[in-house]
Amino acid sequence: GASASPALPMLGAEVFTNACVVCHGENGLGGHGGGAPLDQIKDVALVIATVSDGRGNMPAFGGALTAEQIRAVASYVVNDLFE
């Protein structure tokens, strides 16, 4: 397919809105679902692993999201959400 890089932040934002906001809040600082604040997270690989496999009370999204969607949202959380 086409190069994913320009679309990656948009895809990441879309995935965040659809899958993450319900627990982590629109600003990523925690929401109604008790999701952890995301503002101190700097490791994209850790986010990918956490989203894919789940962690603590967070369910795994590896079956619900594509690898590209998970990469996109991980990059978005680390690089774009708190700019």
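Colleague: What is phenylalanine 16 in contact with, leaving aside its neighbours within four places in sequence?

Modeller: Taking contact to mean heavy atoms within 4.5 Å, phenylalanine 16 touches Val21, Gly25, Glu26, Gly28, Leu38, Val73, Tyr76, Val77 and Leu81, once neighbours within four places in sequence are left aside. Bear in mind that this is a predicted model, in which local features need pLDDT of at least 70 and side-chain atom pairs count only at pLDDT 80 or more, while totals for chains, interfaces and linings use all residues. Residues are numbered from 1 along each chain as its sequence is written, and side-chain values use heavy atoms, with hydrogens and water left out.

Colleague: How many aromatic pairs are there?

Modeller: The count comes to 1 aromatic pair, where rings of Phe, Tyr and Trp (its six-membered ring) pair if their centres lie within 6.5 Å, and planes under 30 degrees apart count as stacked, over 60 as edge-to-face and the rest as tilted. The ring centres of phenylalanine 16 and tyrosine 76 are 5.7 Å apart and their planes stand at 50°, so this pair is tilted.

Colleague: Which helices do phenylalanine 16 and tyrosine 76 lie in?

Modeller: Phenylalanine 16 belongs to helix H1 and tyrosine 76 to helix H3, so the pair ties together parts that are 60 residues apart in sequence; helices here are DSSP runs (H or I, at least four residues), numbered from the N terminus.

Colleague: Is tyrosine 76 buried or exposed?

Modeller: Tyrosine 76 has 16% relative accessibility and therefore counts as buried, since buried means under 20% relative accessible area, exposed over 50% and partly exposed in between, with a 1.4 Å probe and protein chains only. Leaving aside neighbours within four places in sequence, tyrosine 76 is in contact with Pro9, Gly12, Ala13, Phe16 and Leu81, and its C-alpha atom is separated by 8.0 Å from that of leucine 8, 68 residues away along the chain.

Colleague: And the largest nonpolar core, which residues have the most contacts inside it?

Modeller: Val15 and Phe16 have the most contacts inside that core, which has 17 residues; a nonpolar core is a set of buried Ala, Val, Leu, Ile, Met, Phe, Trp, Tyr and Cys residues joined through side-chain atoms within 4.5 Å. H1, H2 and H3 each supply at least two residues of this core, and H3 gives the most, with 7 residues.

Colleague: Changing topic, what volume does the largest pocket have?

Modeller: Its volume is about 530 Å³. Of the 24 residues lining the largest pocket, His24, Ala36, Leu38, Thr50 and Met58 lie nearest its centre. On a 1 Å grid over the protein atoms alone, a pocket is an open set of points where a 1.4 Å probe fits, with protein on both sides within 12 Å along at least five of seven lines, and lining residues have an atom within 4 Å of a point.

Colleague: Which element gives the largest share of the lining?

Modeller: H1 does, with 6 residues.

Colleague: What about histidine 24, buried or exposed?

Modeller: Histidine 24, in helix H1, is buried, with a relative accessible area of 11%. Setting aside neighbours within four places in sequence, histidine 24 is in contact with Leu29, Gly30, Gly31, Gly35, Ala36, Leu38 and Met58.

Colleague: Last one: where does isoleucine 41 lie?

Modeller: Isoleucine 41 is in the loop between H1 and H2 and is partly exposed, with a relative accessible area of 24%. Beyond its neighbours within four places in sequence, isoleucine 41 is in contact with Val47 and Val78.

Key. Points joined across faces, edges and corners; volume = space filled by probe spheres on them.
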